[in-house]
Amino acid sequence: PDQPVEYRLIGLVQHIGSMGSGHYIAYCQHKRRPQDWYEFDDKQVSLVSAEQVERAEPYIMFYQRVPSKGSRLDRQTFKNDMRRMEGQVRDFLLASARFPAPPPP
């Protein structure tokens with residue numbers, strides 16, 4: 001890429017215990033409210049501070065690529081191409097249904 005690629009942390013899993021046994025706690029960032037983090041601990045879900053997430057000792061971390069302006073344009077071009085192709089396939093299938101192929105000999 002021409003520009004540096006950026007990623008942001010969106011979740012992590014913390015393991016508490018030993019190699020043989022222990023407990024897992026997950027922390028996930030809210031999709032629409034990125035300032036909000038949630039802790040998932042068995043059946044308990046709690047809103048937690050970003051500082052609490054930063055203090056966790058992660059076992060697994062999940063990152064999401066931050067879209068650059070160029071990648072947003074690429075994504076829009078892809079979506080437009082996909083919609084155009086879907087329309088062409090739909091038109092073809094509708095035309096095929098009106099004019100079925102002859103049966104094999």
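Modeller: I begin with the pairing of strand 2 (residues 22-29) with strand 3 (residues 37-41), which is antiparallel and runs over four bridges; strands here are DSSP runs of E with at least two residues, helices are runs of H or I with at least four, both numbered from the N terminus, and two strands pair if DSSP finds at least two bridges between them. Within this pair, Q29 stands opposite W37 of strand 3.

This is a predicted model, in which local features need pLDDT of at least 70 and side-chain atom pairs count only at pLDDT 80 or more, whereas totals for chains, interfaces and linings use all residues. Residues are numbered from 1 along each chain as its sequence is written, and side-chain values use heavy atoms, with hydrogens and water left out.

On its other pairing, strand 3 is joined to strand 4 (residues 44-48) by five bridges, again in the antiparallel sense, and E39 stands opposite S46 of strand 4. These two strands form a hairpin with two residues between them. D42, in the loop between strand 3 and strand 4, has a phi near 55 degrees, a positive value in a residue other than glycine. D42 counts as exposed because its relative accessible area is 66%, where buried means under 20%, exposed over 50% and partly exposed in between, with a 1.4 Å probe and protein chains only.

Taken as a whole, the sheet is open and has five strands in the order 4-3-2-1-5, with antiparallel pairing. Strand 4 and strand 5 are the edge strands, each pairing on one side only, and neighbouring strands are turned by 20 degrees against each other on average, direction ignored; the axes are lines fitted to C-alpha atoms.

As for confidence, pLDDT is the predictor's confidence in each residue, from 0 to 100. The mean pLDDT of the chain is 88, and 92% of its residues reach 70 or more. Among the elements of the chain, strand 3 has the highest mean pLDDT (98), while helix 2 (residues 69-98) has the lowest (81).

Note on methods: Axes fitted to C-alpha atoms, helices over the stretch in contact; angles between N-to-C directions.
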